[in-house]
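I want to look up a few local features here and jot them down as I go.

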Amino acid sequence: MRALIIHLSDIHFDSGSQHLLGRAEKIVEAAFSAIETHDEVHIVATGDLINRGDVKQFPKAEEFIKAIASYVERKRGIKPTVVVSPGNHDCDFSGDQSIRNLLLKAASTSDATDEVVSQIGSVLRSYHETESKLTENLIRLNSWHSILSTDLVRYVILNSAVTSSASEKQGQLFMPLPGLDELPQTEGQRTVYLMHHPYNWLQQDNARQLAQHAASHADLFLMGHEHMAWAFGTKELYDGAAITYFKAHVLNDAGDTENSAFQTITLDTEQGFFARSFRWSGGRFELWEEKTSKEFHGWPSQDGSRKLCFLDEYYRDLNSVGANFTHRRKSQLTLPDIFVWPSLRRAVTTNGMQNGGGEQSEIGSEALLSSHEDFSDFIVIRGGEQSGKTALSKMLAAGFSRKGIHPLLLTANNVSSWREKSLNERLDLAISVTYGRSSRDDYRQLASSRKVLVIDDFDLSQVTKGYFEGLRALRAHFGRVILFLDSYPGLEVALNEFLRDEAFVDAEIFDILDAGPGSRLNLIEKWIGIGNPDPDRDEQKIMAARLSKVVDETLGRNLIPTYPVFILIVLQRAELAQDLDTVVKSGSQGFLYESLIIQALSTKVKAASLVTCLSYLSQYAHELMVLGSDSMPQAQFEAFHVGHCSRYALDIPIARLQEQLVDAGILEDSGSAVSFKYPFHGYYFTARALSQIESWMILEPEVDRLVSSIHTERNANILLFLAHIKRNVLIAEKLISKAQDMFAGHSQADLFGSHELLDRFDSTTVRAILREGSREDQLAENQKDLLAAETSQRELTAVAEARLKERLNDALSMNAAFKTLQVLGQILRNHAGEIERTEKMRIASTCSELGLKVLDFMLSTVAAHGHELLEFRAAQLRAERPKMDSNEFSEEMEKYLPSFASTLCMGTMIKIANAIGAEDLSPILEESLRGSPTNRFLRLVTQLEHFSDFPRKSLMDFHEDELVKSGFLPNNVLRRFIVRRLYLFPAREELKRDVLEKFKIKALPFKFLGQHKIG
C-alpha cells in the first residue's frame, strides 16, 4: 500500500503572501505529475505557517492549506490527512517576554515541570487553535509531543518551538524524548517524525540523544527551518536499520517570491520510499532533478533486528557519567562529554609472549571498535580500581551498537550463579532492561556474530567449575565476549589457571594504562569546552595547555595513578573553589590533591561531617608519625578511635566510619591493619596535623627533620602540603637556609661562558626541528625533552656511583636541591598575595641561584669527566644496538656529550621555571632575573613555559643582543624551548613563521620522525 506525503515547510504567510493562494493548485498538479496510485495522501507542514509571529495571518495560512487539501480531494477523490508541526515564526512574542525568558533555562531540561513548560508554551496558543482546525484525530501526549496515525503511517510531532525565543541561537533549544516504547503500532505501519528545527539547533547532548532515539524508532524524519532542501540516510544504530532525514526547502521566501520549493515522498509500506522535489519556475512548479530520487529506497531488513533498539531509559543510563560530576556551564554531564579513550597494553601470557602475535604492544582502546575483526573473539581487559573500566565498557557497548553488533552489558556482581538456568534468567532480564521485554526472542534468535557480551567487574578469584561452564556457554551464544577485571595481587595466578582452559586459550589480554600527557590534555580541553558553543579555540587551547602543566606536574609525581577520574575531580574542584585561571597561576599542587580528598569525603562519608573527618584523619596521621609507621594494627586503630571520640565528645560508630572511609578510598583495611590508601593521603594529613601546632618551639624540630631529609619523597611532599595549608615565614627561612648551603662550592652556571667541551660546536651548527602533525603527535614529541632530561640526570648519578666516587655526594644532592626548589616555589606561588616584596625577592632569587648552582655542578662534571661519561655511553650503545656500524657509532659518540649537556641544561631550566613561573610574579622575575645573560635567558625560558603571551619582542631582542655572538649551548637550549612552546600552545602562523626563520628551526612532518634524533 502507498501514501503520498506532500511536504511543505516555512510557509511564512504574511500580508504580502496573497500569491501563495494562487499556487495551491500548482502544488497539487506538480505533486501528482508522476504516474502513481496512492491509497492515502498526507499534507505535512513542518513549521512556520506564518511569518514573524503575526498571528492575524493564521486564518490565511489555514485557508491556504485547506485549499491544497480541497484540490487533492477534487483531483484524486481522496480526503487528505493534514499534519502540521510548529516553528519559531508561529510563536507570538508580542507581549512582555521577561518572565518567559527567565523560565526558558528551567524548561530546557528533562526535569522541567508541566507548569513551567505550559507557561513558556503559551506563545503557541494561536498556533494550536489553527492546528485543531486543520488536523483531525490528533493525540496530544504533552506540550512537547503529539501523535497522529493513519492506516499506513504513524506521525510523531515534536514541538521544538516550545523553547524558541525571538533571538534564538543554534545549540540552545531542547526537545525531550517522546515516550513511545509502550505505545502500540500497527503491523506494517511506518513511523515518520516531524520537527521544525534540525538537530544543530538543539543542545548538543539533547541532539545526540534524540538522534539515537529517532534512529531506533522512526523510518523517516522530516524537518524545515533552514530553507535548504536535502535528504540523507544514516545508520545510527546498526547495519540495515537506517533512518532517512528530509529537510524541506522554503516554500515562501519573504525576500524573494521566486525562491519557492517543496517535496513529495511516495511511501510504499513494502517497497520503500521515493522522493521528488519541485521548485517554482516560469509560473509553475517543475521537477528539481538533482534533488529527486533515481529509484525507490528500500526499508531496513525485516529479520527482527529492526525492533532491537536501546530503550530510552537504558540509553540515558549508558550515557551517565557514573559519578557526581558537575560543571558550571552544564547542569547534567554525559559520559561522551568527558570520555577520552584510554591506551591499552597487551599483557604477557603464561608462555612469556605478548598475546596477539607480533602486533604492537600498545594500542588505543577505540581500535577494539574500529578494527574489531582484527582481535580475538574473547578479550580480557585489566585495570586498577578507578582506572575507568566501567566507563570503557559502556562506551564499547554504545560503539558496538552503532556497528550493527547488538551489545548486552552485564555486571558480574549481579550474577548470582553461572549455571545455565541462572544465566538464562539473567540474560532475559538484561535483554528486557536494554531492549524491552518484547524483544527477548528477537535478540536470542540473532546470529551470534551480531551479538557482543560485555561483562564488567568479573572476579577471577571466584572462578569455579560453574564459571567455566557458564562462560563456555556464553561464548557459544555471543560472537564476542569482553571481560573487565580488577587488577590485584595474585591475579596472575588466577588468570594463568583461567587461560589453561582450552575454551579461552586464544584470549587476548590488555591492561589499561594511566592517562598519558596527550590523554590528559585532551580531557582538559574537553572539560574547558563543555557548554561553550562558540569558544575562542586558541584561548581554550592556551588555558588547557597551562592547566595541563600544573596537572602533569602534580599527577606526574606518582603519588596516585593518573586515571581520568582523578583528573576530572581536580578540574571540578578547581572550578568550584576558584576559577581555573587562578589555579593555573598559582600552580597549587596542594590544592589539587586536597581537591581529591575533599571530593571523596564529601560524597562517600555520611557518618561524620567533612570538618570532623579532616580533624579525625589529621590526628590519625599524627599517631602514625609518632609510631614511625605507615599502618596501625586494627586493635590499636580502634583504641585511637575511642580516644579521639572521647576527646572531642563524638558519638561515631567505628565500624560505619571505617567502612565509609575505606569506600571513599581514603583508608585501606587489610583485615589486620589500617593504613592510608595512597601515600599522598598520609603526607597531606601529616602536614595538616603539623599546621595545627601553634608553638614554633614544638614545630621547629619537626620542620628541621623534614628539611634535613628533603630528598626523600615523604619529607618533600609533607613540606609541599604544609606550604599549601599554612604560610609560615619561619619554614620558608629554614628552606632558604638549606638552599644556600647546598652546592656551596659551586657558582651559578654561565651558559654564555666558555665551555671547552662545546666550543667547537658554534652557533652556526645549531639547528632545531619542529614536527608538524596531529595534536597527539606534537604532545608526545613535547614530552621527549622532559624524559630525556630525567634520563640524563639519572645517568649522571649512575656514572657518579660507578666511577666518580668523589662526586657521589654532590650527585645524590641533586634530588634534594630540586625538591627544595619545588617547595620554595610552592610557597612563592601559593602565597604571592601575602608575601612582601623583599621576601618574594629572596625566595625567587634563592630558587634561581640554587638551580643554576646545580646546573654548574652538572656541566662541570660533564666537562671534567667527559671520558668516563663517554665510556659509560659506549657500553650502553654496544648493549642496546650491537649491530651498529662503526661510522654510525662514531657519529653517535661525537654528538653525545653536547646533546647530554644541552639536555641537562634544559631539564634544570624547566625545574627552575616550574618553581618561579607565574604571571602574577612577573614584576619579581623582572627584578630578580636581570643583569647577566644567563639570568635574562632564564627569564625568557620562564615566559615561554608559563606565560600566556608569546614573548616575541623579548626573544628577537635577546637574539640580537646575545645569541648571535654566543656558542652552542644557549642557542641549542633556547631553540628547544621555543619548539616546546609551539608544540603545547597555539600560535599565529605569521608569528610562528617569523620565529622559525629567525632561530633556524625547520618544520618537518611527523612521517620523518624515525629519522629524528635529539642533538
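This is a predicted model: local features need pLDDT of at least 70, side-chain atom pairs count only at pLDDT 80 or more; totals for chains, interfaces and linings use all residues.

I began at the start of α31, where a side-chain oxygen of Asp 885 comes to within 3.2 Å of the backbone nitrogen of Asn 887.

Next I checked the length of α31. The helix covers residues 886-916, 31 residues in total, and spans 45 Å from first C-alpha to last, close to the 45 Å expected at 1.5 Å a residue. Where does α31 kink? I found a kink of about 40° at Tyr 896, shortly before the proline Pro 898. I also looked at how covered α31 is: mostly, with 23 of its 31 residues buried.

**Rings**

How many aromatic pairs does the structure hold? I got 34.

Phe 378 is in strand β16 (residues 378-383) and Phe 504 in the loop between α14 (491-499) and β20 (508-512), so here the parts tied together are 126 residues apart in sequence. I have both Phe 378 and Phe 504 down as buried.

I also noted a cluster linked by ring pairs; Tyr 616, Tyr 620, Phe 637 and Phe 640 are among its members, and Phe 676, Tyr 684, Phe 685 and Phe 721 belong to it too.

**Charges over rings**

I found the charged end of Lys 291 over the ring of Trp 288, 5.4 Å from its centre. Lys 911 lies over the face of Phe 818, at 5.0 Å from the ring centre.

**Positive phi**

Which phi does Asp 10 have? I read a value near 55°, positive in a residue other than glycine. Asp 10 is in the loop between β1 and α1, and it is buried at 0% relative accessible area.

Lys 1000 also went on my list: it is not a glycine, yet its phi is positive, about 55°. I placed Lys 1000 in the loop between α36 (989-998) and β25 (1001-1005). Lys 1000 is partly exposed, with a relative accessible area of 34%.

Definitions and conventions. Residues are numbered from 1 along each chain as its sequence is written. Side-chain values use heavy atoms; hydrogens and water are left out. Rings of Phe, Tyr and Trp (its six-membered ring) pair if their centres lie within 6.5 Å; planes under 30 degrees apart count as stacked, over 60 as edge-to-face and the rest as tilted. Helices (H or I, at least four residues) and strands (E, at least two) are DSSP runs, numbered from the N terminus. Buried means under 20% relative accessible area, exposed over 50%, partly exposed in between (1.4 Å probe, protein chains only). A charge sits over a ring if NZ of Lys or CZ of Arg is within 6 Å of the ring centre and within 35 degrees of the ring normal. The expected span of a helix is 1.5 Å times one less than its number of residues. The bend at a residue is the angle between axes fitted to the seven residues ending there and the seven starting there. A polar contact is a pair of N or O atoms within 3.5 Å; within protein, one must be able to donate a hydrogen and the other to accept it, and residues adjacent in sequence count only if both atoms are side-chain atoms.
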